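Please look at the sequence and the model before reading on.

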Amino acid sequence: MADTVIDVPTAAQALETSSPAEILGWASRYLSKLTFATGFGAEGCVIIDLIARNHLPIDLFTLDTGVLFPETYALWERLQNKYRIEIRAVRPAQTIPEQALVHGATLWDREPDRCCELRKVLPLRHELAKFDAWITAIRRDQTAQRAYARVVEHDTKFQLVKVNPLVTWSHDDVWAHIYANDVPYNVLHERGFPSIGCQPCTVAVARGEDPRSGRWRGKAKTECGLHVNEDKKTDAA
Ligand code: SF4
């Protein structure tokens, strides 16, 4: 693979109308230390399918906070088995019981930002330090801030290149690909969970509600903090 020497704005412009498979193919050719961090959302499953079906040499990992839904752990297993791939687990420094000893039980209820920092942001920062570029599954129409995401951009929070292959896709595009290609997905999507995070912080939403309104319901928090660019303050978790 080539070294990671690319002109990010030029690449973003050149790839704006490329397909997700083409963007992933470009990334695997031109970005030498490249990884995909998946949270096993529908979009992430599409990217895993594209990486596997095109035999792209891209590292895969997930942040295992220790409090994912059983259905998410089952999906993780199904994806590995179907595509014969490894999706590595990246875990926080402390287990849930260890965190409870230091910070008290159910930190997510009292200080969700601190909990996300310990269980998601810090492990991700530590892991991404090993790479030059990472792939995310964000789409522009998910939140107002994500509307500004480019296909390729500088990630100022984690200091590497960020590739967003599905950024121009709609919700319907994602599900059309899933159904057409028999891609495994989280069964919770069929039970009122359009956006799935950790079990203590995710509830089902009613039809017509904002798809992300089931995340940290009742709290001011709306994002994990994984994708907040320090310069633009754009989020995408
Ligand atoms: S989503 Fe909830 S449980 Fe998961 S890391 Fe964040 S606050 Fe903690």
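## Terms and basis

Helices (H or I, at least four residues) and strands (E, at least two) are DSSP runs, numbered from the N terminus. The model is predicted: local features need pLDDT of at least 70, side-chain atom pairs count only at pLDDT 80 or more, and totals for chains, interfaces and linings use all residues. Residues are numbered from 1 along each chain as its sequence is written, and side-chain values use heavy atoms, with hydrogens and water left out.

## Arg217

Arg217 is found in the segment after α8 (171-181). With a relative accessible area of 38%, Arg217 is partly exposed, because this class lies between buried (under 20%) and exposed (over 50%), for a 1.4 Å probe and protein chains only.

Leaving aside residues up to four places away in sequence, Arg217 touches Val203, Ala204, Val205 and Glu209; contact means heavy atoms within 4.5 Å. Arg217 and Tyr73 are 144 residues apart in sequence and 22 Å apart in space, C-alpha to C-alpha.

## Glu127

Glu127 lies in helix α7. Its relative accessibility is 5%, so Glu127 counts as buried. Beyond residues up to four places away in sequence, Glu127 touches Phe61, Arg88 and Val90.

The side chain of Glu127 makes a polar contact of 2.9 Å with that of Arg88 and another of 3.0 Å with that of Lys130. A polar contact is a pair of N or O atoms within 3.5 Å; within protein, one must be able to donate a hydrogen and the other to accept it, and residues adjacent in sequence count only if both atoms are side-chain atoms.
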